[in-house]
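Dear colleague,

I am passing on the structure below, and I would be glad if you could read the notes that follow it with the model open beside you.

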Amino acid sequence: MTVWLLGDQLHPESHVLDDAERVLLIEATAFADRKPYHPQKLGLVFAAMRHARDALREAGYDVTYRRARTFGDALDAHFEARPGDDLRLMRPPSHGAAERLRSLVESRGGSLTLVDDDRFRCSPEAFDAWHDGDGFRHEDFYRWMRRREGVLMDGDDPVGGQWNYDESNRETPPDDWSPPPVPRFEPDELTRETLDWVAERFDTWGESTGFAWPVTRAEALDALDHFVEHRLSPFGPYQDAMVGGESALAHSLLSSSLNLGLLGPREVIDAAVDAWERDAAPIESVEGFVRQVLGWREFMRHVYRRTMPDLVESDLLSRSRDLPPLYEGEGTEMRCLDEAVSHVYDRGYAHHIERLMVLSNFASLYGADPRELNEWFHFGFVDAYHWVTTPNVLGMGTFATDVFTSKPYVSSGNYVDRMSDHCAACAYDVDATTGDDACPFNALYWDFLDDHEETLRGTGRMGLMYSHLDRKDDAELSAIRERAATIRNRAREGRL
């Protein structure tokens with residue numbers, strides 16, 4: 001029997017390795033030829049796999065590492081060497097992946113045994129036993145998971161008497177606040193060799209220099225320690241803030257390690273809770289972090305699993321425009337959008353409010369095809385996988401589906417102004433809706449509400465927004481539509 005480890009299943013203590021006779025890792029390149037992936041994403045995945053190979057060998061495993069164009073090509077070589085081999089694989093979360101891999105193995109005379117994915121705390125069986133309704137509500141799931149896992153609980157009640165501290169976690173940093181240092185993991189010889197190979201081998205999008213992501217289990221544990229010691233305390237109050245020149249603020253930067261399997265969800269949750277128990281971090285910050293890992297990350301996995309493939313086949317608002325050139329890194333005078341795109345281009349990363357309220361917000365208001373935006377997130381972010389981006393972008397980010405959201409997360413420039421320092425130094429006037437120097441978000445926002453009124457007015461949480469729209473007379477609405485059309489034309493031509 002051979003354990004087949006995929007490139008995002010790299011935890012050295014994963015249960016799939018129990019009693020393993022041999023380990024197989026396949027470094028396939030065909031997937032990376034299909035999209036212009038960020039070089040730091042490809043470098044991270046391939047370097048992490050190569051380091052995991054070496055670490056497993058040092059731990060005494062018999063490891064076969066095959067480099068090929070496709071999984072099929074590598075499996076041809078594997079079964080030529082080991083005819084009829086039985087492979088054991090941790091079930092991948094991407095839709096249809098397990099069935100495709102089983103077919104590849106069985107068509108070559110082997111067999112494939114699938115085991116549970118221990119990179120998550122809630123198994124499909126547990127979620128399906130809990131969820132017996134039609135809709136998906138994150139808050140219900142989160143509270144159930146807190147009780148199930150015994151995290152931040154006092155008996156059957158949440159510690160502190162509150163399930164969440166969102167109202168305390170929407171502050172903007174004072175002018176004299178400096179974010180904690182960003183951990184950097186300088187590439188060793190193997191990682192540098194991998195990054196050079198990626199740069200030569202693939203057509204990519206993004207900056208290849210400055211790579212500093214954890215690629216080993218030891219580095220990922222150091223990143224976790226660094227977060228808990230330096231970043232966890234200010235994470236809570238400033239998690240929704242945006243500051244010019246800062247791509248990380250106090251965010252954990254652990255998502256890439258979690259999604260590669262270098263860290264397990266329970267160990268990062270326990271580390272954060274331990275900091276609260278030691279009075280080293282406030283409950284507001286710790287609960288906010290737990291909510292993201294134990295709540296949202298697990299929830300997205302199951303929403304994706306339960307709603308695919310329908311999730312990607314429709315758009316409630318029927319948008320079809322191409323993403324404008326500014327998402328390719330061509331620049332814009334909109335400071336918030338330029339900052340967010342630059343962060344992705346430079347590091348393959350932007351934090352969750354930049355993702356939701358700048359990058360997705362603009363694409364939604366502009367009318368971009370949500371599936372095209374999803375592709376951009378998928379190839380541009382170091383922590384992105386299909387099961388991650390698809391529900392986040394198509395549900396939360398663009399309201400292409402309402403399976404777990406009750407309204408689109410769109411806003412005018414007012415939200416960006418409230419949560420950032422971008423607007424004060426922007427070429428556009430955040431207080432103006434029409435006119436050549438008016439913030440593009442403003443006209444696009446009101447035009448979006450007007451254009452999609454038939455679909456959105458009746459949704460439960462849109463009443464207040466439409467009450468404001470109702471106060472605008474025909475002349476003002478005409479000016480808004482004209483300004484929105486101008487913005488879309490300029491954005492499409494790369495002149496925004």
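Helix 14 (residues 370–380) is largely enclosed by the rest of the structure, because 8 of its 11 residues are buried, where buried means under 20% relative accessible area, exposed over 50% and partly exposed in between, with a 1.4 Å probe and protein chains only. Helices here are DSSP runs (H or I, at least four residues), numbered from the N terminus. This is a predicted model, in which local features need pLDDT of at least 70 and side-chain atom pairs count only at pLDDT 80 or more, while totals for chains, interfaces and linings use all residues. Residues are numbered from 1 along each chain as its sequence is written, and side-chain values use heavy atoms, with hydrogens and water left out.

The buried residues of helix 14 include Trp-376, Phe-377 and Phe-379, and its buried residues pack against helix 2 (39–58), helix 12 (335–347), helix 13 (352–366) and helix 15 (386–397).

Turning to the aromatic rings, the count comes to 32 aromatic pairs, where rings of Phe, Tyr and Trp (its six-membered ring) pair if their centres lie within 6.5 Å, and planes under 30 degrees apart count as stacked, over 60 as edge-to-face and the rest as tilted. Trp-130 and Phe-141 form an edge-to-face pair, at 5.7 Å centre to centre and 65 degrees between the planes, and this pair links helix 5 (residues 124–130) with helix 6 (residues 138–149). Trp-130 is partly exposed, with a relative accessible area of 25%, whereas Phe-141 counts as buried at 0%. Trp-205 and Phe-379 are also edge-to-face, at 6.3 Å and 75 degrees, and they lie 174 residues apart, with Trp-205 in the loop between helix 7 (189–201) and helix 8 (217–238) and Phe-379 in helix 14.

With best wishes

Key. Helix = DSSP H or I, 4+ residues; strand = E, 2+ residues; numbered from the N terminus. Contact = heavy atoms within 4.5 Å.
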